[in-house]
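Biologist: Before I use any of the labels on this model, I would like to hear what each one rests on. Please show it first.

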Amino acid sequence: MPLTLYSGPIIDSHLHLFDPRRPQGIPWPEPGNRLYAAHLPADYWALAGPHNVIGAIAVEASPWRDDNRWLLDTLRSEPRMLGFVGNLDPLHPDFAADLEALTDEPLFLGLRYGNLWDRDLLHDQTRPGFIDGLRQLAACGRGLDSANPTPRLIKALLHLSDALPQLRIIVDHLPNAQVPAGEEAACHADLLRLAERPNVFAKLAEIPQLGPHGLITDTAFYHDRLAVLWEAFGEERCFFGGDWPNSDHLANFATTLGLVKQCMADKPEAVQAKFFLHNAVRIYTPTPPHGDQ
C-alpha cells in the first residue's frame, strides 16, 4: 500500500494553556523553565491554524481549583477551542460541589488524575470517597484522563476500570511510558489487559522522541511501539494529541506534527481521519449517564 500523508482537518486533543503574568502566578512551569511565558489560544492558533487544525482541547496544567474557571473563561473567546480537561481532587471536601458547578458547561470534558501534583492514583483510589467521586464524574458523562504513564499508573488504571467500568478512561501520553528496566513484560501485560476494556482509550500525545542527535525522524524507530498500541486499542480508540507547548522541547509544531503524519502514513486515509479527527470528537463528547453496563 502506498504511503499517504494525511491532509485533512485535525483536532488536537492535548495542549496546555497558562499565563505567568496573572497576579496569582502559575504552579507550572516554574521560572527558569523555557516555557515560562504566556501560552494562550492565540499563540497556539498562530502555529496550528496553517496546518489545518480546526479544533483543540486544553488539558489542565494546574491543581488549583480556581484554575478550572480560568481555563473555562480563557476558552470561551475562541470557538476553535472545543473544551478542556480540568483538575479536581475527588478527595477534596468540595469536590461534589465543584463538579456540579461544571457539569452544565459544555466546554467541560472531564478531569485528569494520575501521578502529577504529588498524587498517586493506585493509592488514592483506596481512600474513602475517591471512587464515589469518580462515580459522580461518570454519571455526568465526563471521562478521566490519566497522566504520564508508568507501570504503577497503568496498574492503577486497571484497578480503577475494575471498580468503575462505566468510567471513560483516556490514557495520556502514549507511547512514551517510563518503564524501568526489568518491568517491561509486566507493564506490557497490564497495558494489554487495560486495552481489553472498551471504555479505555489511547491518546497518542507523545510519539516524537529525542535521541543523541535531536529529534528522531526515522519512522522505523517508532513502528514497533505504535504497532503494539494500534493492535491493542484498535483504530476506533487511538487518537491524536500534540502536547503543545511541551512539544517545543523536541522541535517546532510543524516538525512534530509532520513526523506524526509520517508515522501514520501507512494506514488507509479513512483510518488516519479517525485518528486525527473523528475519534477525539466521539471520545470527548459528554454523554448522558449510562449506568453500570
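Modeller: What follows takes the labels one at a time, for a model that is predicted.

Biologist: What makes β6 and β7 a pair?

Modeller: Two strands pair if there are at least two bridges between them. Strand β6 (residues 169–171) and strand β7 (residues 200–204) have three bridges, in the parallel sense, so they meet the rule. In β7, valine 200 is the bridge partner of isoleucine 169.

Biologist: In what order do the strands of the sheet run, and which are called edge strands?

Modeller: The order is β1-β2-β3-β4-β5-β6-β7-β10, an open sheet of eight strands with parallel pairing. The edge strands are β1 (10–15) and β10 (238–240), as each pairs on one side only. On average, neighbouring strands of this sheet are turned by 30° against each other, direction ignored.

Biologist: How do you know that α8 packs on the sheet, and how is its direction to be described?

Modeller: Contact means heavy atoms within 4.5 Å, and helix α8 (residues 220–233) touches β7 and β10. The direction of α8 makes about 155° with that of β7.

Biologist: What does helix α10 lie across, and what is its angle to β10 called?

Modeller: Helix α10 (residues 269–284) lies across β1, β2 (53–59), β3 (81–86), β4 (108–112), β5 (143–145), β6, β7 and β10. The helix runs at about 110° to β10. The range from 65 to 115 degrees counts as roughly perpendicular, so that name applies to α10 and β10.

Biologist: Why are α3 and α5 called roughly parallel to each other?

Modeller: Helix α3 (residues 95–103) and helix α5 (residues 130–139) pack at an angle of about 10°, their axes 11 Å apart. The cut-off is under 35 degrees, and α3 and α5 are therefore roughly parallel. Phe95, Ala96 and Leu99 of α3 make the contact with Gly133, Gln136 and Leu137 of α5. These contact residues divide into four nonpolar, two polar and no charged. Gly counts as polar.

Conventions. Residues numbered from 1 in each chain as written. Predicted model: local features only at pLDDT ≥ 70, side-chain atom pairs only at ≥ 80, totals over all residues. Heavy atoms only, no water. Helix = DSSP H or I, 4+ residues; strand = E, 2+ residues; numbered from the N terminus. Axes fitted to C-alpha atoms, helices over the stretch in contact; angles between N-to-C directions. Parallel < 35°, antiparallel > 145°, perpendicular 65-115°, else oblique.
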